[in-house]
Amino acid sequence: MTAETVTAEAAVADAHRREWAFVLAATVRVTRDLDLAEECVQDAYAKALEKWPADGVPAAPGAWLTTVARNRALDLVRRDATLRRRLPLLVVDALGGEDPFTDGPEDPFWAGAPDDRLRLIFTCCHPALAIEAQVALTLRLICGLTTAEVARAFLVGEATMAARITRAKKKISTAGIPYRVPSAGELPARTRAVLEVVHLMFTTGHTAPAGERLLRGDLIDRALDLTRMLNCLLGTDPEVTGLLALILLTDARRGSRLDAEGRLVLLADQDRTRWDHDAIAEGRALVEDALRRSSHRLRRRPGRFSLMAAIAAVHTGETTDWHELLGLYDLLLETWPSPVVALNRAVALSFTDGPGPALDALTPLLSDPRLASYGYLSATRADLLRRLGRLPEARDAYEEALLLTENQPERAFLAERLEAL
Amino acid sequence: MSQYLILIYDDEAAWDSADERSSADMLEGHYAFGARHEKDVVGANALQPTATATSVRPDGSGGFTITDGPFVETKEALGGYYLVEAPDLDAAIAMARQIPVFSGGLEIRPILVHTTTAGTGGGNRP
(Lines give C-alpha, C1' and ligand atoms only; values in the text may rest on other atoms or scores of the structure.)
Protein backbone atom coordinates (compact mmCIF):
# COMPACT_ATOMS: atom_id res chain seq x y z
CA MET A 1 0.00 0.00 0.00
CA THR A 2 1.42 3.40 -0.97
CA ALA A 3 1.85 6.29 1.42
CA GLU A 4 -0.77 8.26 -0.56
CA THR A 5 -3.31 5.46 -0.07
CA VAL A 6 -2.64 5.33 3.67
CA THR A 7 -2.99 9.12 4.02
CA ALA A 8 -6.14 9.15 1.88
CA GLU A 9 -7.77 6.31 3.82
CA ALA A 10 -7.03 8.03 7.10
CA ALA A 11 -8.52 11.25 5.69
CA VAL A 12 -11.67 9.42 4.60
CA ALA A 13 -12.01 7.80 8.05
CA ASP A 14 -11.51 11.20 9.68
CA ALA A 15 -14.07 12.82 7.37
CA HIS A 16 -16.46 9.98 8.20
CA ARG A 17 -16.26 10.79 11.87
CA ARG A 18 -16.26 14.59 11.56
CA GLU A 19 -18.39 15.33 8.52
CA TRP A 20 -20.95 12.53 8.20
CA ALA A 21 -23.83 14.50 9.77
CA PHE A 22 -22.94 17.62 7.78
CA VAL A 23 -22.86 15.80 4.43
CA LEU A 24 -25.98 13.73 5.12
CA ALA A 25 -27.98 16.71 6.41
CA ALA A 26 -27.22 18.76 3.29
CA THR A 27 -28.13 15.81 1.08
CA VAL A 28 -31.43 15.03 2.82
CA ARG A 29 -32.70 18.44 1.77
CA VAL A 30 -32.21 17.43 -1.87
CA THR A 31 -33.65 13.90 -1.63
CA ARG A 32 -36.30 14.55 1.03
CA ASP A 33 -35.85 10.87 1.78
CA LEU A 34 -33.49 9.55 4.47
CA ASP A 35 -32.67 6.21 2.82
CA LEU A 36 -31.89 7.74 -0.55
CA ALA A 37 -29.74 10.42 1.09
CA GLU A 38 -27.80 7.79 3.06
CA GLU A 39 -27.17 5.86 -0.13
CA CYS A 40 -25.82 8.97 -1.89
CA VAL A 41 -23.57 9.85 1.06
CA GLN A 42 -22.20 6.30 1.20
CA ASP A 43 -21.48 6.54 -2.53
CA ALA A 44 -19.65 9.84 -1.96
CA TYR A 45 -17.41 8.27 0.72
CA ALA A 46 -16.73 5.30 -1.58
CA LYS A 47 -15.78 7.74 -4.33
CA ALA A 48 -13.44 9.56 -1.95
CA LEU A 49 -11.65 6.26 -1.22
CA GLU A 50 -11.23 5.81 -4.95
CA LYS A 51 -10.20 9.39 -5.88
CA TRP A 52 -8.26 10.83 -2.96
CA PRO A 53 -5.22 8.49 -3.19
CA ALA A 54 -4.57 9.70 -6.76
CA ASP A 55 -5.89 13.28 -6.66
CA GLY A 56 -4.85 14.12 -3.10
CA VAL A 57 -7.10 14.95 -0.15
CA PRO A 58 -9.19 18.05 -0.94
CA ALA A 59 -8.69 21.18 1.18
CA ALA A 60 -12.26 21.00 2.42
CA PRO A 61 -13.19 17.29 2.57
CA GLY A 62 -16.70 18.00 3.87
CA ALA A 63 -17.47 20.34 0.97
CA TRP A 64 -16.07 17.84 -1.54
CA LEU A 65 -18.17 15.00 -0.11
CA THR A 66 -21.29 17.17 0.07
CA THR A 67 -20.98 18.27 -3.56
CA VAL A 68 -20.51 14.67 -4.73
CA ALA A 69 -23.40 13.38 -2.60
CA ARG A 70 -25.73 16.21 -3.63
CA ASN A 71 -24.92 15.79 -7.32
CA ARG A 72 -25.58 12.07 -7.10
CA ALA A 73 -28.86 12.82 -5.30
CA LEU A 74 -29.93 15.37 -7.93
CA ASP A 75 -29.24 12.79 -10.66
CA LEU A 76 -31.30 10.11 -8.97
CA VAL A 77 -34.11 12.47 -8.03
CA ARG A 78 -34.46 13.76 -11.60
CA ARG A 79 -34.32 10.25 -13.05
CA ASP A 80 -36.92 8.85 -10.66
CA ALA A 81 -39.21 11.85 -10.50
CA THR A 82 -42.32 9.79 -11.30
CA LEU A 83 -41.51 7.09 -8.79
CA ARG A 84 -40.83 9.67 -6.09
CA ARG A 85 -44.27 11.22 -6.45
CA ARG A 86 -45.62 8.06 -4.86
CA LEU A 87 -43.36 8.16 -1.80
CA PRO A 88 -44.23 10.16 1.27
CA LEU A 89 -41.45 12.77 1.26
CA LEU A 90 -40.01 14.52 4.27
CA VAL A 91 -41.65 17.83 5.10
CA VAL A 92 -38.90 20.38 4.46
CA ASP A 93 -39.36 24.13 4.86
CA ALA A 94 -38.04 26.35 2.13
CA LEU A 95 -34.77 27.80 3.42
CA GLY A 96 -34.37 31.40 2.34
CA GLY A 97 -36.09 30.56 -0.94
CA GLU A 98 -33.37 28.12 -1.91
CA ASP A 99 -34.49 25.48 -4.35
CA PRO A 100 -32.06 22.56 -4.44
CA PHE A 101 -33.29 21.60 -7.89
CA THR A 102 -32.23 24.81 -9.59
CA ASP A 103 -29.35 26.14 -7.51
CA GLY A 104 -25.96 25.40 -8.98
CA PRO A 105 -22.92 24.40 -6.90
CA GLU A 106 -21.73 28.02 -6.93
CA ASP A 107 -24.64 29.03 -4.70
CA PRO A 108 -23.71 29.88 -1.14
CA PHE A 109 -25.77 27.06 0.37
CA TRP A 110 -23.01 26.55 2.92
CA ALA A 111 -24.36 29.48 4.89
CA GLY A 112 -27.39 27.43 5.89
CA ALA A 113 -25.55 24.16 6.35
CA PRO A 114 -25.01 24.18 10.15
CA ASP A 115 -28.78 24.50 10.47
CA ASP A 116 -29.18 21.40 8.37
CA ARG A 117 -27.32 19.35 10.95
CA LEU A 118 -29.71 20.67 13.56
CA ARG A 119 -32.67 19.74 11.36
CA LEU A 120 -31.36 16.20 11.18
CA ILE A 121 -30.80 16.05 14.94
CA PHE A 122 -34.25 17.36 15.82
CA THR A 123 -35.83 14.94 13.36
CA CYS A 124 -33.95 11.96 14.83
CA CYS A 125 -34.76 13.04 18.40
CA HIS A 126 -38.43 13.81 17.85
CA PRO A 127 -40.52 12.88 20.92
CA ALA A 128 -43.06 11.12 18.66
CA LEU A 129 -40.42 8.37 18.23
CA ALA A 130 -39.67 5.83 20.97
CA ILE A 131 -36.54 6.78 22.92
CA GLU A 132 -34.67 3.61 21.78
CA ALA A 133 -35.48 4.56 18.19
CA GLN A 134 -34.27 8.12 18.78
CA VAL A 135 -30.93 6.85 20.09
CA ALA A 136 -30.57 4.33 17.26
CA LEU A 137 -31.39 6.91 14.58
CA THR A 138 -28.99 9.42 16.10
CA LEU A 139 -26.13 6.91 16.09
CA ARG A 140 -26.97 5.82 12.56
CA LEU A 141 -27.71 9.16 10.89
CA ILE A 142 -25.76 11.72 12.93
CA CYS A 143 -22.75 9.66 13.98
CA GLY A 144 -22.68 7.53 10.82
CA LEU A 145 -22.46 4.16 12.59
CA THR A 146 -23.49 1.10 10.60
CA THR A 147 -26.61 -0.77 11.68
CA ALA A 148 -24.35 -3.61 12.89
CA GLU A 149 -22.39 -1.18 15.08
CA VAL A 150 -25.57 0.33 16.53
CA ALA A 151 -26.87 -3.19 17.23
CA ARG A 152 -23.64 -4.12 19.03
CA ALA A 153 -23.78 -0.94 21.13
CA PHE A 154 -27.20 -1.93 22.45
CA LEU A 155 -26.59 -5.67 22.59
CA VAL A 156 -29.41 -6.56 20.26
CA GLY A 157 -29.31 -8.56 17.04
CA GLU A 158 -28.58 -6.74 13.79
CA ALA A 159 -31.95 -7.78 12.31
CA THR A 160 -33.79 -6.38 15.35
CA MET A 161 -31.90 -3.10 15.12
CA ALA A 162 -32.42 -2.86 11.35
CA ALA A 163 -36.16 -3.34 11.90
CA ARG A 164 -36.19 -0.68 14.63
CA ILE A 165 -34.41 1.84 12.40
CA THR A 166 -36.60 1.08 9.39
CA ARG A 167 -39.77 1.45 11.47
CA ALA A 168 -38.58 4.80 12.84
CA LYS A 169 -37.67 6.13 9.38
CA LYS A 170 -41.06 5.05 8.09
CA LYS A 171 -42.80 6.87 10.90
CA ILE A 172 -40.82 10.04 10.17
CA SER A 173 -42.00 10.16 6.56
CA THR A 174 -45.49 8.72 7.00
CA ALA A 175 -46.52 10.68 10.09
CA GLY A 176 -44.94 13.85 8.72
CA ILE A 177 -42.28 14.49 11.39
CA PRO A 178 -40.79 17.65 9.85
CA TYR A 179 -37.14 18.11 8.83
CA ARG A 180 -36.89 21.37 10.67
CA VAL A 181 -35.44 23.20 13.64
CA PRO A 182 -38.33 23.76 16.08
CA SER A 183 -39.74 27.24 16.55
CA ALA A 184 -38.29 29.42 19.33
CA GLY A 185 -41.23 28.55 21.60
CA GLU A 186 -40.69 24.81 21.27
CA LEU A 187 -36.88 24.92 21.16
CA PRO A 188 -36.09 24.59 24.91
CA ALA A 189 -38.32 21.51 25.36
CA ARG A 190 -37.10 19.91 22.15
CA THR A 191 -33.49 20.62 23.07
CA ARG A 192 -34.11 18.75 26.37
CA ALA A 193 -35.29 15.77 24.31
CA VAL A 194 -32.07 15.85 22.25
CA LEU A 195 -29.92 16.07 25.40
CA GLU A 196 -31.84 13.14 26.88
CA VAL A 197 -30.86 11.02 23.87
CA VAL A 198 -27.18 12.01 24.01
CA HIS A 199 -27.09 11.46 27.77
CA LEU A 200 -28.58 7.97 27.38
CA MET A 201 -25.93 7.26 24.74
CA PHE A 202 -23.24 8.41 27.18
CA THR A 203 -24.51 6.46 30.21
CA THR A 204 -24.85 3.30 28.09
CA GLY A 205 -21.18 3.75 27.21
CA HIS A 206 -20.06 4.77 30.70
CA THR A 207 -21.34 1.56 32.28
CA ALA A 208 -22.28 -1.05 29.71
CA PRO A 209 -25.65 -2.67 30.55
CA ALA A 210 -24.06 -6.12 30.20
CA GLY A 211 -20.98 -7.91 29.02
CA GLU A 212 -17.31 -8.36 29.86
CA ARG A 213 -16.39 -4.71 29.60
CA LEU A 214 -17.13 -2.10 32.24
CA LEU A 215 -17.48 0.66 29.66
CA ARG A 216 -17.81 1.16 25.92
CA GLY A 217 -15.31 3.77 24.83
CA ASP A 218 -16.71 4.06 21.31
CA LEU A 219 -20.13 5.12 22.60
CA ILE A 220 -18.62 7.59 25.06
CA ASP A 221 -16.49 9.14 22.29
CA ARG A 222 -19.50 9.47 19.98
CA ALA A 223 -21.57 11.06 22.73
CA LEU A 224 -18.74 13.50 23.47
CA ASP A 225 -18.31 14.44 19.78
CA LEU A 226 -22.04 14.93 19.46
CA THR A 227 -22.29 17.11 22.56
CA ARG A 228 -19.39 19.26 21.35
CA MET A 229 -21.24 19.74 18.07
CA LEU A 230 -24.47 20.61 19.91
CA ASN A 231 -22.59 23.07 22.10
CA CYS A 232 -21.41 24.84 18.93
CA LEU A 233 -24.87 24.84 17.37
CA LEU A 234 -27.10 25.31 20.45
CA GLY A 235 -24.63 26.62 23.03
CA THR A 236 -26.88 29.51 24.06
CA ASP A 237 -28.85 26.95 26.07
CA PRO A 238 -26.86 26.50 29.31
CA GLU A 239 -28.07 22.90 29.63
CA VAL A 240 -26.17 21.94 26.46
CA THR A 241 -23.00 23.34 28.03
CA GLY A 242 -23.95 21.56 31.26
CA LEU A 243 -24.17 18.19 29.50
CA LEU A 244 -20.81 18.73 27.80
CA ALA A 245 -19.26 19.51 31.20
CA LEU A 246 -20.94 16.46 32.75
CA ILE A 247 -19.55 14.13 30.09
CA LEU A 248 -16.03 15.59 30.28
CA LEU A 249 -15.90 15.49 34.09
CA THR A 250 -17.36 11.99 34.37
CA ASP A 251 -15.27 10.50 31.60
CA ALA A 252 -12.07 12.13 32.91
CA ARG A 253 -11.87 9.19 35.34
CA ARG A 254 -12.06 6.56 32.58
CA GLY A 255 -8.40 5.52 32.98
CA SER A 256 -8.67 4.82 36.72
CA ARG A 257 -11.99 3.01 37.02
CA LEU A 258 -10.35 -0.42 36.64
CA ASP A 259 -7.08 -1.63 38.17
CA ALA A 260 -4.35 -3.50 36.28
CA GLU A 261 -6.24 -6.77 36.80
CA GLY A 262 -9.45 -5.30 35.40
CA ARG A 263 -11.12 -4.99 38.81
CA LEU A 264 -13.47 -2.13 39.62
CA VAL A 265 -11.88 0.66 41.71
CA LEU A 266 -14.18 2.85 43.80
CA LEU A 267 -13.91 6.61 43.33
CA ALA A 268 -12.28 7.14 46.73
CA ASP A 269 -9.53 4.60 45.92
CA GLN A 270 -8.81 5.72 42.36
CA ASP A 271 -5.34 6.83 41.31
CA ARG A 272 -5.94 10.55 40.71
CA THR A 273 -2.76 10.93 38.67
CA ARG A 274 -4.46 8.80 36.00
CA TRP A 275 -7.39 11.18 35.64
CA ASP A 276 -7.53 13.32 32.51
CA HIS A 277 -6.69 16.71 34.01
CA ASP A 278 -7.20 18.62 30.75
CA ALA A 279 -10.74 17.28 30.53
CA ILE A 280 -11.31 18.20 34.18
CA ALA A 281 -10.09 21.77 33.64
CA GLU A 282 -12.25 22.15 30.54
CA GLY A 283 -15.26 20.60 32.28
CA ARG A 284 -14.91 22.83 35.35
CA ALA A 285 -14.73 25.99 33.22
CA LEU A 286 -17.81 24.85 31.28
CA VAL A 287 -19.86 24.03 34.38
CA GLU A 288 -19.10 27.43 35.89
CA ASP A 289 -20.16 29.03 32.61
CA ALA A 290 -23.37 26.97 32.49
CA LEU A 291 -24.31 27.79 36.10
CA ARG A 292 -23.55 31.49 35.64
CA ARG A 293 -25.66 31.69 32.49
CA SER A 294 -28.53 29.74 34.12
CA SER A 295 -28.65 32.18 37.04
CA HIS A 296 -28.71 35.15 34.65
CA ARG A 297 -31.98 33.95 33.23
CA LEU A 298 -34.79 35.52 35.19
CA ARG A 299 -36.57 33.16 37.59
CA ARG A 300 -34.57 30.30 36.15
CA ARG A 301 -32.64 27.81 38.22
CA PRO A 302 -29.82 25.70 36.89
CA GLY A 303 -31.18 22.77 34.90
CA ARG A 304 -30.68 19.09 35.49
CA PHE A 305 -27.50 18.60 33.45
CA SER A 306 -25.80 21.73 34.81
CA LEU A 307 -26.43 20.50 38.38
CA MET A 308 -25.25 16.97 37.55
CA ALA A 309 -22.10 18.52 36.07
CA ALA A 310 -21.59 20.56 39.25
CA ILE A 311 -21.83 17.30 41.24
CA ALA A 312 -19.32 15.63 38.90
CA ALA A 313 -17.00 18.65 39.37
CA VAL A 314 -17.07 18.24 43.18
CA HIS A 315 -16.08 14.58 42.70
CA THR A 316 -12.95 15.66 40.83
CA GLY A 317 -11.68 17.72 43.79
CA GLU A 318 -8.64 16.76 45.84
CA THR A 319 -10.96 15.73 48.67
CA THR A 320 -14.70 15.15 48.37
CA ASP A 321 -16.86 17.76 50.06
CA TRP A 322 -19.90 15.64 50.96
CA HIS A 323 -21.83 18.58 52.50
CA GLU A 324 -21.57 20.50 49.25
CA LEU A 325 -22.67 17.38 47.36
CA LEU A 326 -25.69 16.94 49.65
CA GLY A 327 -26.73 20.53 48.95
CA LEU A 328 -26.37 20.01 45.20
CA TYR A 329 -28.40 16.79 45.35
CA ASP A 330 -31.16 18.67 47.21
CA LEU A 331 -31.24 21.26 44.41
CA LEU A 332 -31.17 18.53 41.76
CA LEU A 333 -34.03 16.69 43.45
CA GLU A 334 -36.16 19.83 43.23
CA THR A 335 -35.34 20.28 39.53
CA TRP A 336 -35.40 16.61 38.61
CA PRO A 337 -37.41 14.58 41.14
CA SER A 338 -36.15 11.17 40.08
CA PRO A 339 -35.76 8.20 42.44
CA VAL A 340 -32.23 7.69 41.07
CA VAL A 341 -31.30 11.18 42.29
CA ALA A 342 -32.85 10.36 45.68
CA LEU A 343 -30.67 7.23 45.80
CA ASN A 344 -27.50 9.20 45.05
CA ARG A 345 -28.50 11.80 47.63
CA ALA A 346 -28.72 9.00 50.21
CA VAL A 347 -25.13 8.00 49.40
CA ALA A 348 -23.98 11.57 50.08
CA LEU A 349 -26.04 11.55 53.31
CA SER A 350 -24.22 8.40 54.44
CA PHE A 351 -20.96 10.41 54.47
CA THR A 352 -22.37 13.52 56.18
CA ASP A 353 -24.78 11.91 58.70
CA GLY A 354 -23.72 8.26 58.66
CA PRO A 355 -25.08 5.03 57.16
CA GLY A 356 -28.08 4.84 59.55
CA PRO A 357 -29.88 7.98 58.34
CA ALA A 358 -28.93 7.07 54.75
CA LEU A 359 -30.57 3.66 55.14
CA ASP A 360 -33.73 5.39 56.42
CA ALA A 361 -33.65 7.62 53.33
CA LEU A 362 -33.64 4.50 51.13
CA THR A 363 -36.79 3.05 52.72
CA PRO A 364 -39.33 4.91 50.54
CA LEU A 365 -37.33 3.96 47.42
CA LEU A 366 -37.63 0.22 48.11
CA SER A 367 -41.29 0.25 47.11
CA ASP A 368 -40.80 2.53 44.08
CA PRO A 369 -41.70 0.44 41.00
CA ARG A 370 -39.30 2.50 38.86
CA LEU A 371 -36.39 1.08 40.87
CA ALA A 372 -37.76 -2.48 41.12
CA SER A 373 -34.95 -3.89 38.98
CA TYR A 374 -32.35 -1.18 39.61
CA GLY A 375 -29.23 -2.99 40.80
CA TYR A 376 -27.58 0.14 42.27
CA LEU A 377 -30.38 0.39 44.87
CA SER A 378 -29.59 -3.10 46.19
CA ALA A 379 -25.83 -2.45 45.96
CA THR A 380 -26.14 0.82 47.90
CA ARG A 381 -28.32 -0.82 50.53
CA ALA A 382 -25.82 -3.67 50.82
CA ASP A 383 -22.98 -1.22 51.36
CA LEU A 384 -24.88 0.73 54.04
CA LEU A 385 -25.85 -2.47 55.88
CA ARG A 386 -22.22 -3.65 55.69
CA ARG A 387 -21.05 -0.37 57.20
CA LEU A 388 -23.65 -0.75 59.96
CA GLY A 389 -22.41 -4.27 60.71
CA ARG A 390 -25.79 -5.82 59.83
CA LEU A 391 -24.06 -8.60 57.90
CA PRO A 392 -26.86 -11.15 57.24
CA GLU A 393 -29.01 -8.40 55.73
CA ALA A 394 -26.02 -7.06 53.79
CA ARG A 395 -25.45 -10.55 52.37
CA ASP A 396 -29.04 -10.73 51.08
CA ALA A 397 -28.75 -7.27 49.54
CA TYR A 398 -25.45 -8.13 47.76
CA GLU A 399 -27.03 -11.31 46.39
CA GLU A 400 -29.99 -9.29 45.14
CA ALA A 401 -27.63 -6.74 43.50
CA LEU A 402 -25.79 -9.60 41.76
CA LEU A 403 -29.05 -10.86 40.31
CA LEU A 404 -29.76 -7.41 38.87
CA THR A 405 -26.35 -6.67 37.33
CA GLU A 406 -25.06 -8.12 34.07
CA ASN A 407 -21.92 -6.00 33.75
CA GLN A 408 -19.08 -8.45 34.51
CA PRO A 409 -16.60 -6.12 36.27
CA GLU A 410 -19.46 -4.85 38.47
CA ARG A 411 -20.51 -8.41 39.25
CA ALA A 412 -16.95 -9.32 40.18
CA PHE A 413 -16.81 -6.33 42.53
CA LEU A 414 -20.09 -7.27 44.23
CA ALA A 415 -19.05 -10.92 44.53
CA GLU A 416 -15.76 -9.86 46.18
CA ARG A 417 -17.62 -7.67 48.67
CA LEU A 418 -20.01 -10.51 49.45
CA GLU A 419 -17.09 -12.87 49.96
CA ALA A 420 -15.37 -10.44 52.35
CA LEU A 421 -18.39 -10.06 54.68
CA MET B 1 -50.65 19.42 3.54
CA SER B 2 -51.55 16.10 5.16
CA GLN B 3 -54.65 14.94 6.93
CA TYR B 4 -54.55 13.66 10.49
CA LEU B 5 -57.28 12.08 12.57
CA ILE B 6 -57.11 13.29 16.15
CA LEU B 7 -58.84 10.74 18.37
CA ILE B 8 -60.10 11.88 21.75
CA TYR B 9 -59.78 9.30 24.52
CA ASP B 10 -61.31 10.20 27.85
CA ASP B 11 -62.72 8.75 31.02
CA GLU B 12 -66.45 8.35 30.46
CA ALA B 13 -67.07 8.33 34.20
CA ALA B 14 -65.54 11.81 34.38
CA TRP B 15 -67.98 12.98 31.70
CA ASP B 16 -70.92 11.40 33.54
CA SER B 17 -70.05 12.85 36.92
CA ALA B 18 -69.00 16.28 35.62
CA ASP B 19 -71.00 19.15 37.06
CA GLU B 20 -72.80 21.61 34.83
CA ARG B 21 -70.00 24.10 35.03
CA SER B 22 -67.20 21.81 33.85
CA SER B 23 -69.39 20.29 31.12
CA ALA B 24 -70.08 23.81 29.88
CA ASP B 25 -66.34 24.63 30.00
CA MET B 26 -65.59 21.50 28.01
CA LEU B 27 -68.12 22.35 25.30
CA GLU B 28 -66.89 25.93 25.28
CA GLY B 29 -63.36 24.61 24.71
CA HIS B 30 -64.50 22.56 21.72
CA TYR B 31 -66.38 25.52 20.20
CA ALA B 32 -63.32 27.72 20.65
CA PHE B 33 -61.10 25.07 19.02
CA GLY B 34 -63.51 24.73 16.10
CA ALA B 35 -63.66 28.48 15.62
CA ARG B 36 -59.88 28.94 15.79
CA HIS B 37 -59.23 26.14 13.31
CA GLU B 38 -62.26 26.58 11.08
CA LYS B 39 -60.04 26.31 7.99
CA ASP B 40 -58.11 23.23 9.18
CA VAL B 41 -60.92 21.05 10.53
CA VAL B 42 -62.23 18.79 7.80
CA GLY B 43 -64.67 16.90 10.01
CA ALA B 44 -65.46 16.30 13.66
CA ASN B 45 -67.93 14.38 15.78
CA ALA B 46 -68.57 13.36 19.35
CA LEU B 47 -69.65 9.76 19.94
CA GLN B 48 -72.37 8.34 22.17
CA PRO B 49 -70.93 6.53 25.24
CA THR B 50 -69.42 3.03 24.91
CA ALA B 51 -72.56 1.65 26.64
CA THR B 52 -74.24 2.11 23.26
CA ALA B 53 -71.45 0.39 21.30
CA THR B 54 -71.89 -2.86 19.40
CA SER B 55 -69.00 -5.02 18.20
CA VAL B 56 -69.12 -7.26 15.18
CA ARG B 57 -66.52 -10.02 14.68
CA PRO B 58 -66.27 -12.70 12.00
CA ASP B 59 -66.85 -16.03 13.78
CA GLY B 60 -64.45 -17.95 11.52
CA SER B 61 -67.16 -20.06 9.86
CA GLY B 62 -68.63 -17.50 7.53
CA GLY B 63 -70.88 -15.80 10.05
CA PHE B 64 -70.52 -12.99 12.54
CA THR B 65 -70.69 -12.68 16.29
CA ILE B 66 -72.45 -9.59 17.55
CA THR B 67 -71.61 -8.44 21.07
CA ASP B 68 -72.56 -5.57 23.30
CA GLY B 69 -69.79 -3.10 24.10
CA PRO B 70 -66.72 -1.52 22.50
CA PHE B 71 -64.18 -3.56 20.49
CA VAL B 72 -61.55 -3.03 23.19
CA GLU B 73 -62.47 -2.22 26.80
CA THR B 74 -60.26 0.54 28.17
CA LYS B 75 -60.53 3.01 31.01
CA GLU B 76 -60.19 5.85 28.55
CA ALA B 77 -62.57 5.26 25.68
CA LEU B 78 -62.78 6.79 22.24
CA GLY B 79 -65.27 9.61 22.64
CA GLY B 80 -64.86 11.74 19.55
CA TYR B 81 -62.53 12.87 16.82
CA TYR B 82 -61.36 15.72 14.66
CA LEU B 83 -60.17 15.19 11.10
CA VAL B 84 -57.74 18.03 10.43
CA GLU B 85 -55.38 19.27 7.76
CA ALA B 86 -51.87 20.20 8.89
CA PRO B 87 -48.54 20.76 7.16
CA ASP B 88 -46.72 18.29 9.43
CA LEU B 89 -46.90 16.31 12.67
CA ASP B 90 -45.64 19.22 14.79
CA ALA B 91 -48.55 21.36 13.56
CA ALA B 92 -50.99 18.51 14.28
CA ILE B 93 -49.53 18.11 17.79
CA ALA B 94 -49.90 21.85 18.38
CA MET B 95 -53.57 21.61 17.42
CA ALA B 96 -54.19 18.50 19.52
CA ARG B 97 -52.85 20.28 22.59
CA GLN B 98 -55.69 22.80 22.32
CA ILE B 99 -58.44 20.16 22.43
CA PRO B 100 -59.94 19.94 25.94
CA VAL B 101 -59.97 16.59 27.77
CA PHE B 102 -60.86 15.62 31.36
CA SER B 103 -58.25 13.06 32.37
CA GLY B 104 -57.58 11.29 29.10
CA GLY B 105 -55.58 12.31 26.07
CA LEU B 106 -55.36 12.37 22.33
CA GLU B 107 -54.00 10.09 19.64
CA ILE B 108 -52.88 11.49 16.30
CA ARG B 109 -53.01 9.21 13.27
CA PRO B 110 -51.88 10.25 9.81
CA ILE B 111 -54.46 9.42 7.15
CA LEU B 112 -53.23 6.83 4.66
CA VAL B 113 -53.06 8.16 1.14
CA HIS B 114 -53.56 5.45 -1.46
CA THR B 115 -50.71 5.51 -3.93
CA THR B 116 -52.34 3.34 -6.61
CA THR B 117 -53.89 6.49 -8.05
CA ALA B 118 -50.69 8.56 -7.93
CA GLY B 119 -51.26 12.10 -9.03
CA THR B 120 -54.95 12.15 -8.12
CA GLY B 121 -54.72 11.43 -4.37
CA GLY B 122 -55.62 14.60 -2.54
CA GLY B 123 -53.05 14.10 0.20
CA ASN B 124 -50.06 13.52 -2.05
CA ARG B 125 -47.46 16.17 -1.60
CA PRO B 126 -45.69 17.33 -4.76
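Biologist: What percentage of residues 190–290 of chain A is helix, and what percentage is strand?

Modeller: The span is 62% helix and 2% strand, and its end C-alpha atoms lie 19 Å apart. Helices (H or I, at least four residues) and strands (E, at least two) are DSSP runs, numbered from the N terminus. This is a predicted model, in which local features need pLDDT of at least 70, side-chain atom pairs count only at pLDDT 80 or more, and totals for chains, interfaces and linings use all residues. Residues are numbered from 1 along each chain as its sequence is written, while chains are lettered from A and ligands numbered from 1 in the order in which they are written.

Biologist: Which domain does UniProt list for residues 190–290 of chain A?

Modeller: The unreviewed UniProt entry lists "domain: DUF6596" there. UniProt positions are in the numbering used here, feature names are shortened, and annotations may be inferred rather than shown by experiment. For residues 22–80 of chain A, UniProt (unreviewed entry) lists "domain: RNA polymerase sigma-70 region". In the model, residues 22–80 of chain A are 86% helix and 0% strand, with end C-alpha atoms 25 Å apart.

Biologist: How many helices and strands does chain A have?

Modeller: Chain A has 19 helices and 2 strands. Along the principal axes, the C-alpha atoms of chain A fill a box of roughly 75 × 55 × 40 Å.

Biologist: What percentage of the residues in chain A is buried?

Modeller: A residue is buried if 20 or more other C-beta atoms lie within 10 Å of its own, exposed if 12 or fewer, and partly exposed in between, with C-beta atoms placed from the backbone. In chain A, 40% of the 421 residues are buried. Contacts are a separate count: two residues are in contact if their C-beta atoms, placed from the backbone, lie within 7 Å. Of the contacts in chain A between residues at least 6 apart in sequence, 62% join residues at least 24 apart.

Biologist: Is Arg164(A) buried or exposed?

Modeller: Arg164(A) counts as buried because 22 other C-beta atoms lie within 10 Å. Arg164(A) belongs to helix H8 of chain A. Leaving aside neighbours within four places in sequence, Arg164(A) is in contact with Glu132(A), Ala133(A) and Ala136(A). Between Arg164(A) and Thr147(A) there are 17 residues of sequence separation and 10 Å in space, C-alpha to C-alpha.

Biologist: What is the phi of Arg32(A)?

Modeller: Most residues other than glycine have a negative phi. Arg32(A) is not a glycine, yet has a positive phi of about 50 degrees. Arg32(A) sits in the loop between helix H1 (3–31) and helix H2 (34–55) of chain A, and counts as buried, with 21 C-beta neighbours inside 10 Å.

Biologist: At what angle do helix H15 and helix H16 of chain A pack?

Modeller: Axes are lines fitted to C-alpha atoms, for helices over the stretch in contact, and angles run from 0 to 180 degrees between N-to-C directions. Helix H15 (residues 339–352) and helix H16 (residues 355–366) of chain A pack at about 170 degrees, with their axes 7 Å apart. That makes H15(A) roughly antiparallel to H16(A); angles under 35 degrees count as roughly parallel, over 145 as roughly antiparallel, 65 to 115 as roughly perpendicular and the rest as oblique. The residues in this contact include Leu343(A) and Val347(A) of H15(A) and Ala358(A) and Leu362(A) of H16(A). By class, the contact has 12 nonpolar, 1 polar and no charged residues. Here Ala, Val, Leu, Ile, Met, Phe, Trp, Tyr, Cys and Pro count as nonpolar, Asp, Glu, Lys and Arg as charged, and the others, Gly among them, as polar.

Biologist: Which pattern does chain B follow along the sequence?

Modeller: Chain B reads β-α-α-β-β-β-β-α-β, with 3 helices and 6 strands. Its radius of gyration is 17 Å, whereas a compact globule of 126 residues would have one near 14 Å. Of those 126 residues, 14% count as buried. UniProt (unreviewed entry) lists "domain: YCII-related" for residues 3–112 of chain B; that span is 28% helix and 38% strand, and its end C-alpha atoms lie 9 Å apart.

Biologist: What covers the buried residues of H3(B)?

Modeller: Helix H3 (residues 89–96) of chain B has the buried residues Leu89(B), Asp90(B), Ala92(B), Met95(B) and Ala96(B). Their cover includes helix H8 (158–175) of chain A, together with strand S1 (2–11), strand S5 (76–86) and strand S6 (105–110) of chain B. By contrast, Lys75(B) is exposed, with 11 other C-beta atoms within 10 Å. Lys75(B) lies in the loop between strand S4 (64–68) and S5 of chain B.

Methods:
The radius of gyration is taken over C-alpha atoms; the globule rule is 2.2 Å times the number of residues to the power 0.38.
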